[in-house]
Amino acid sequence: SILIVDFGSQVTQLIARRVREAGVYSEIVPFQSAAEAFARINPAAVILSGGPASVVDENSPRIPQAILDSGLPMLGICYGQQALTEQLGGKVEKGDSGEFGEAFITVEGECTLFDGLWATGERHQVWMSHGDKVTALAPGFRVVATSPGAPYAIIANDERRIYAMQFHPEVVHTPDGAKLIANFVRHVAGVSGDWTMAEFRAAKIAEIREQVGEGRVICGLSGGVDSSVAALLIHEAIGDQLTCVFVDGGILRQGEAEQVVSLFRGHYNIPLVHVDAQDLFMDGLAGVTDPEAKRKFIGKTFIDVFEAEAKKIGGAEFLAQGTLYPDVIESVSFTGGPSVTIKSHHNVGGLPARMNMKLVEPLRELFKDEVRVLGRELGLPDVFVGRHPFPGPGLAIRIPGEVTRERCDILRKADAIYLDEIRKAGLYDAIWQAFAVLLPVRSVGVMGDGRTYDSVLALRAVTSVDGMTAQAFDFPGDFLPRVTTRIINEVKGINRVVYDYTSKPPGTIEWE
Ligand code: XMP
């Protein structure tokens, strides 16, 4: 396996992901416990992450001496490069300006990391994000790539099999980054790539059993892929020590409640409590128009309902959540700036502290597409696994302005038609997320011989890798007119349909 020492970068999990993609198991440990973990895990190689500290500062994090002395292959990224350089006898200085974003490096020499990938003299795009920089190499190192801002963009010590780079190979903005990491894993560390999601499943099941013991676990199901996969995995680990709670606040898509109930109770025979809390949600949403107020009310009400049900079930010490890695780093920028809350996602907060429960979060290291692979591995039907993401606050944040039962019904119908047409056109899987938004705007229309004055519906469809950035989907020419006609003909209350072409950034995927 590969040990990843985390110096606090926002994107350390992406390193683990790239190592997984190379078919190799890795473990991330914080730098404070790296020495202990190194002895326990006995890895084949070590990757040192980036981080916000400055090696120039006193008391900044260091690589444990045992790792440096081990003779194992190492890959240092950003802070990892600086720490390696400093600790091995080179020099690092505080940069006065730093370098953030896209940069181009020039390949200066041969290097195992470049096997089958880059040749001397070529220029390649990378993602820089650093303040400090290496100014003198440690003995035994040579420069194998440079950039105008980083003369030591990539350095290598072939004899000791230590490689280090100033930029971040783990992010998608370094297009060849995944391959550089794969070359390190396979060609430098010599680890063969046959690790699979089946092994992740087995490892997690063992971990869940160990964590939970004889305890009881409750899991809030949202109907989405994440909580479903988490529930299945946990059920596989501990059977009926798990109870699922599904709260229906009237803000779900058409047919969603029925699907979840029949899948869990019927198909898997997993204990499921189905709570109809529509009145509570609709009454509470009356008069609420501010997006954050909606999110907060819904989050809090979910917690209230869930807590009440948990009390009825009784005796659960553990709360299971389908938290994914992007939820953990929700709305962060990896440029080192302070992360700001763009929207308050409600699926990660509140509950455990208030209920004094311990969390079981088996998907915390995974990204959406990896969760889907795991879902398939667990036998979750394709229609379920492949489903577009759906936010916890549901249709309520797709109805700007006041949310009412009537408006939820209108939106549900329109949304179902839109998705139906997308499926019929065979486009569902090409799209990350498609949905309709019912606008608080009315427009004048003419239908038959009469004047109409009804709501406007916006359609949105985006492609994305991880939900962090997104592009509007370009439908084939006749698709949007066809859907528009169907929606206006079939859904009373809508007389105009528009399409949203905004990418993220600057837009977000949801409207609220
Ligand atoms: P935004 O709108 O921030 O959304 O671009 C990014 C992705 O996150 C989903 N989303 C949520 N998911 N709880 C969730 O579970 C939430 O509160 C929430 N808000 C947004 C959104 O649908 C998109 O996939």
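This is a predicted model: local features need pLDDT of at least 70, side-chain atom pairs count only at pLDDT 80 or more; totals for chains, interfaces and linings use all residues.
**Stop one: the annotated residues.** Select Cys-78, His-168 and Glu-170, which an unreviewed UniProt entry annotates as "active site". They span 93 residues in sequence, yet no two of their C-alpha atoms are more than 11.1 Å apart, so you will find them gathered at one spot.

**Stop two: His-168.** Now pick His-168, in the loop between strand S11 (162-165) and helix H5 (177-188). This residue is buried, because 24 other C-beta atoms lie within 10 Å. Leaving aside neighbours within four places in sequence, show its contacts: Val-11, Gly-50, Ile-77, Trp-127, Ser-129 and Thr-174, along with the annotated Cys-78.

**Stop three: Glu-170.** Move along to Glu-170, also in the loop between S11 and H5. Is Glu-170 buried or exposed? It is buried, with 29 other C-beta atoms within 10 Å.

**Stop four: helix H2.** Next, select residues 34-41 and colour Ala-34, Ala-37 and Phe-38, which are buried. These three cover an arc of only 105 degrees around the axis, which puts them on the same side of H2. An α-helix has 3.6 residues a turn, so residues three or four places apart point the same way. To see what covers the buried residues of H2, show strand S1 (2-6), strand S2 (26-30) and helix H3 (65-68), which are among the elements there. Then turn to the other side of H2, where Glu-36, Ala-39 and Arg-40 are exposed.

**Last stop: Asn-42.** Finish at Asn-42, which follows H2 and has a positive phi, near 55 degrees.

Note on methods:
Residues are numbered from 1 along each chain as its sequence is written. UniProt positions are given in the numbering used here, feature names are shortened, and annotations may be inferred rather than shown by experiment. Helices (H or I, at least four residues) and strands (E, at least two) are DSSP runs, numbered from the N terminus. A residue is buried if 20 or more other C-beta atoms lie within 10 Å of its own, exposed if 12 or fewer, and partly exposed in between; C-beta atoms are placed from the backbone. Two residues are in contact if their C-beta atoms, placed from the backbone, lie within 7 Å. The arc is that of the directions from the helix axis to the C-beta atoms.
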